[in-house]
Amino acid sequence: MDLQKQTAPAPATELRASDADRDRIADILRDALAEGRLTAEEHAERVEGVLAAKTVGELDAFVRDLPAGHTPRTSAVPPHRPAADAVPAVADENVVAVLSSAVRRGRWRAGRRIHAYAVFGNVEIDLSEAIFEHQQVVIKALSVFGNVEIDVPENVSLRGTGGGVLGNFDVHPLDASDTDAPVVYVDGWAVLGNVEARAKRGRFVADILERVQRKVDRSLRKAL
C-alpha cells in the first residue's frame, strides 16, 4: 500500500506571476487603450491592479473582457528582449534615490542588469561614456513620485516596455546599424512619476573606445 501523499500540481492560474507575465498583461492593456476599448481611467485602474497582482489568475482577470486576453500564451521571447537565461535575475548594480538623487555617468562599466529606483527622488543613468562589456543590458526602472532618466550612445539599440499609472513611461526606440552593437532594454513602471530613455546625440560607442585605445597606445609608447 502506497502511503505517500500525491500532491497535484497547482493550476496555472494559481502560479505566482512573474515580471514577464505582468509585462504581457501591460502590453494588452496599452493596446486596448490605443484602440479605444478602455478609457484612460480604466487603463490606469487596471495597471495599478497589475502591479499588485500576485498570481497569473489575478492578472488574467484584468484582460478577460478584451480580445487579446483570449489568445494562447506563447513562450517565445519578444523581439529585442533578452532570453530569460541571458541576463541574471539579480542586479549587478542598484541605483536608488529616496528623497534624494543618484547619478551614474562618465567612464563606468555597465553590468548586464541594472535596477533603478526613484522614490520622491531623481535617478540619472548616463551610458553615453560607459564601457559595454556585454551585448545586452537590461535596466529595470521604477519611479514613484520621482524621475528616472536614461541616456545611451546613439549607435546602440534601445528598446523598452512598461507603463505609467498617472505617470509617464517613454522610451525612444533606436536601431543600431551594426547588428553586433549593444542592446539596452528598459523595463519598468512610472507611478505618478517619470521614466524616460533616449539617445544622447553626439556620443558613439566606437568613438569612445577608439579614444581610450589611443590613450593606452600613448601610455605604452611613453613607457617604452
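Tutor: A polar contact is a pair of N or O atoms within 3.5 Å; within protein, one must be able to donate a hydrogen and the other to accept it, and residues adjacent in sequence count only if both atoms are side-chain atoms. This is a predicted model, where local features need pLDDT of at least 70, side-chain atom pairs count only at pLDDT 80 or more, and totals for chains, interfaces and linings use all residues. Residues are numbered from 1 along each chain as its sequence is written, and side-chain values use heavy atoms, without hydrogens and water.

Student: What makes the pair formed by the side chain of Ser143 and the backbone oxygen of Gly146 a polar contact?

Tutor: A polar atom of the Ser143 side chain lies 2.6 Å from that oxygen, and the limit is 3.5 Å, so the pair counts. The Ser143 side chain also reaches the backbone nitrogen of Asn194, at 3.3 Å.

Student: Why is Ser143 called buried?

Tutor: Buried means under 20% relative accessible area, with exposed over 50% and partly exposed in between (1.4 Å probe, protein chains only). Ser143 has 0% relative accessibility, so Ser143 counts as buried.

Student: How do you know that helix 1 is roughly antiparallel to helix 2?

Tutor: Helix 1 (residues 19–35) and helix 2 (residues 40–52) pack at about 180°, their axes 10 Å apart. Angles run from 0 to 180 degrees between N-to-C directions, with axes fitted to C-alpha atoms over the stretch in contact. Under 35 degrees is roughly parallel, over 145 roughly antiparallel, 65 to 115 roughly perpendicular, and the rest oblique. Helix 1 is therefore roughly antiparallel to helix 2.

Student: Which residues of helix 1 make the contact?

Tutor: Contact means heavy atoms within 4.5 Å. On helix 1, Arg22, Ile25, Leu29, Arg30 and Leu33 make the contact.

Technical notes
Helix = DSSP H or I, 4+ residues; strand = E, 2+ residues; numbered from the N terminus.
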